[in-house]
Amino acid sequence: MKIITTQQIQELSKDHSILMSAIEEGFKLYSEGKVTTPPVGHMHFQEPCGDLHIKYGHIPGEDYFVVKIASHFSENIRQGLASIDGVIMLFSQK
């Protein structure tokens, strides 16, 4: 397993043209129906009030797939905590 820090991501993404090209290609494939994206998983919490979303997908024929988990607990702000938290995980099928 390899964990990439925010600083490493920022360093790797200095060349925005590479990122934009990859994002544009992803949207193109998605618009053409060539991306597998199952329905969003959702959990709602009453106490404390918040929610969690799980999104995932892959491009058939590619070696990788992605899972994104994001939560929002608005009351955290009152405690000096972040209200939004999450992780994006990239997995290899090999």
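## How confident is the model?

What you see is a predicted model. The protein chain has an average pLDDT of 92, and 100% of the residues score at least 70. Confidence is lowest in helix α1 (residues 6-12), with a mean of 85, and highest in β1, at 97.

## The sheet

Next up, the strands. There's an open sheet of 4 strands, in the order β1-β2-β3-β4, and the pairing is antiparallel. At the edges sit β1 (41-45) and β4 (84-92), each pairing on one side only. On average, neighbouring strands of this sheet are turned by 10 degrees against each other, direction ignored.

Let's zoom in on β1. This strand runs antiparallel to β2 (residues 50-58), and 5 bridges join the two. For instance, methionine 43 has leucine 52 in β2 as its bridge partner.

## The aromatic pairs

The count here comes to 2 aromatic pairs. In one, phenylalanine 45 and phenylalanine 73 have ring centres 5.4 Å apart and planes at 40 degrees, so the pair is tilted. Phenylalanine 45 is in strand β1 and phenylalanine 73 is in the loop between β3 (64-72) and β4, so this pair links parts of the chain 28 residues apart. Phenylalanine 45 is partly exposed at 28% relative accessibility, while phenylalanine 73 is buried at 18% because the cut-off for buried is under 20%.

Then there's phenylalanine 65 with phenylalanine 91, a stacked pair: 5.1 Å centre to centre, with 15 degrees between the planes. Phenylalanine 65 belongs to strand β3 and phenylalanine 91 to strand β4, 26 residues apart. Phenylalanine 65 is partly exposed at 31%, and phenylalanine 91 is partly exposed at 33%.

Definitions and conventions. Residues are numbered from 1 along each chain as its sequence is written. This is a predicted model: local features need pLDDT of at least 70, side-chain atom pairs count only at pLDDT 80 or more; totals for chains, interfaces and linings use all residues. Side-chain values use heavy atoms; hydrogens and water are left out. Two strands pair if DSSP finds at least two bridges between them. Axes are lines fitted to C-alpha atoms, for helices over the stretch in contact, and angles run from 0 to 180 degrees between N-to-C directions. pLDDT is the predictor's confidence in each residue, from 0 to 100. Rings of Phe, Tyr and Trp (its six-membered ring) pair if their centres lie within 6.5 Å; planes under 30 degrees apart count as stacked, over 60 as edge-to-face and the rest as tilted. Buried means under 20% relative accessible area, exposed over 50%, partly exposed in between (1.4 Å probe, protein chains only).
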